[in-house]
Amino acid sequence: MSILKKLFTAVRGGAREAGEAIVDANGIRIFEQEIADAQNALHRAKKSLTEVMAKEMQTKRKISAVDASIAEHEAYAGQALEKGNEALALEIAEKIGDFEAEKAENEQVLSGFSNHIVALKQQVKDAEKSIKENQRQLTMVKTTESVQQATMAVNSTLNTNSSSMTSARQSLERIKQRQQDRSDQLGAAKQLESDVNGDDLKAKMAEAGIGDTSPKSADILARIKAKQNG
């Protein structure tokens with residue numbers, strides 16, 4: 001029995017951990033939905049507030065109408081007294097009493113509406129402030145999440161491709177070395193061809209003024225002058 005209880009506890013613990021993992025993985029989405037739920041609740045609260053405010057206005061109109069009736073019947077009672085009809089004046093006074101009782105009831109209802117409206121307005125104000133703050137925080141956490149995911153992706157790519165990048169650099173160095181070897185080979189072939197044809201020896205002799213050298217411009221000009229003078 002004890003083992004079964006422990007197994008059951010382990011299963012519950014695993015379920016809790018799985019649930020927490022799901023919540024963590026969808027934290028931003030959950031937070032975003034909670035803000036949306038709060039906005040919907042605020043919308044309903046504002047609608048309720050307008051209904052209460054409408055009832056307040058209706059009650060105020062009732063009180064104004066009762067006040068008008070009281071004033072009207074007070075005038076009637078005065079007229080009855082002027083005519084010496086005190087019994088009628090008393091009956092009118094009783095009606096005025098009914099109006100005043102009705103007014104008192106409406107004033108009590110109005111007081112309840114007014115107090116409720118004050119409280120609801122404050123709650124709406126607080127809710128709007130809280131929602132705006134949560135929206136600001138949501139923007140910040142979404143931005144942070146995007147930056148962190150991008151950074152993790154870059155780091156993962158760099159770590160995954162580190163060997164490939166090293167291999168690419170090695171390939172580049174091999175290409176450069178092969179091109180340098182080819183350039184050296186072309187230079188050596190040219191030098192060998194020059195040695196075989198005697199071009200190098202001819203160049204050295206010409207530089208020393210030995211062998212078949214082409215006359216210089218100054219020598220040609222001197223020869224022409226000698227002919228003219230001769």
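Biologist: Is D67 buried, partly exposed or exposed, going by its relative accessibility?

Modeller: Good place to begin! This is a predicted model, and here D67 comes to 30% relative accessibility, so D67 counts as partly exposed.

Biologist: Which residue forms a salt bridge with D67?

Modeller: The general idea comes first. Side chains of opposite charge can pair when their charged atoms come close. In this structure the partner of D67 is K103, and their closest N and O atoms are 2.8 Å apart. This pair links distant parts of the chain, with K103 in helix 3 and D67 in helix 2, 36 residues apart. K103 has a relative accessibility of 22%, so K103 also counts as partly exposed.

Biologist: How many salt bridges does the structure hold?

Modeller: There are 4 salt bridges. One of them joins the side chains of K142 and E32, at 3.5 Å from N to O. K142 is partly exposed, at a relative accessible area of 35%, and E32 is partly exposed, with a relative accessible area of 35%.

Biologist: What about E133 and R136, and how far apart are they along the helix?

Modeller: An α-helix has 3.6 residues a turn, so residues three or four places apart point the same way. E133 and R136 both sit in helix 3, 3 residues apart, which is about one turn of the helix. Their side chains meet in a salt bridge of 2.7 Å, N to O. E133 has 34% relative accessibility and therefore counts as partly exposed, and R136, at 42%, counts as partly exposed too.

Biologist: Let me step back to the whole chain. How many helices and strands does it have?

Modeller: The chain has 5 helices and 0 strands. Following the sequence, the pattern reads α-α-α-α-α.

Biologist: How can I check the span of helix 2 against the number of its residues?

Modeller: Compare an expected span with the distance between the two ends. Helix 2 covers residues 27-82, which is 56 residues, and at 1.5 Å a residue the helix should span 82 Å. The end C-alpha atoms are 82 Å apart, so the two values agree. Just after helix 2 comes G84, with a positive phi of about 75°.

Biologist: Which residues does UniProt list for "coiled-coil region"?

Modeller: The UniProt record, an unreviewed entry, gives residues 28-55 for that feature. In the model, this stretch is 100% helix and 0% strand, with its end C-alpha atoms 41 Å apart.

Biologist: Now for the inside. What share of the chain do buried residues make up?

Modeller: Buried residues make up 11% of the 230 residues.

Biologist: Which residues make up the largest nonpolar core?

Modeller: The largest nonpolar core has 9 residues: I35, L42, L49, V52, I117, L120, V124, I131 and L138. Helix 2 and helix 3 each supply at least two residues of this core, and the largest share, 5 residues, comes from helix 3. Apart from this core lies another, of 8 residues, including I70, A80, A89 and I92.

Biologist: Which residues does L49 touch, leaving out those up to four places away in sequence?

Modeller: L49 touches I117, L120, K121 and V124.

Biologist: And is E56 buried or exposed?

Modeller: At 13% relative accessibility, E56 counts as buried. E56 lies in helix 2, and beyond its neighbours within four places in sequence, E56 is in contact with L110, F113, S114 and I117. E56 and S114 are 58 residues apart in sequence, while their C-alpha atoms are 7.0 Å apart in space.

Biologist: Where does H73 lie, and which residues is H73 in contact with?

Modeller: H73 lies in helix 2 and counts as buried, at 17% relative accessibility. Setting aside neighbours within four places in sequence, H73 is in contact with I92, K95, I96 and F99.

Biologist: Last one: among contacts between residues at least 6 apart in sequence, what share joins residues at least 24 apart?

Modeller: That share is 80%.

Notes: Residues are numbered from 1 along each chain as its sequence is written. This is a predicted model: local features need pLDDT of at least 70, side-chain atom pairs count only at pLDDT 80 or more; totals for chains, interfaces and linings use all residues. Side-chain values use heavy atoms; hydrogens and water are left out. Helices (H or I, at least four residues) and strands (E, at least two) are DSSP runs, numbered from the N terminus. The expected span of a helix is 1.5 Å times one less than its number of residues. Buried means under 20% relative accessible area, exposed over 50%, partly exposed in between (1.4 Å probe, protein chains only). UniProt positions are given in the numbering used here, feature names are shortened, and annotations may be inferred rather than shown by experiment. Contact means heavy atoms within 4.5 Å. A nonpolar core is a set of buried Ala, Val, Leu, Ile, Met, Phe, Trp, Tyr and Cys residues joined through side-chain atoms within 4.5 Å.
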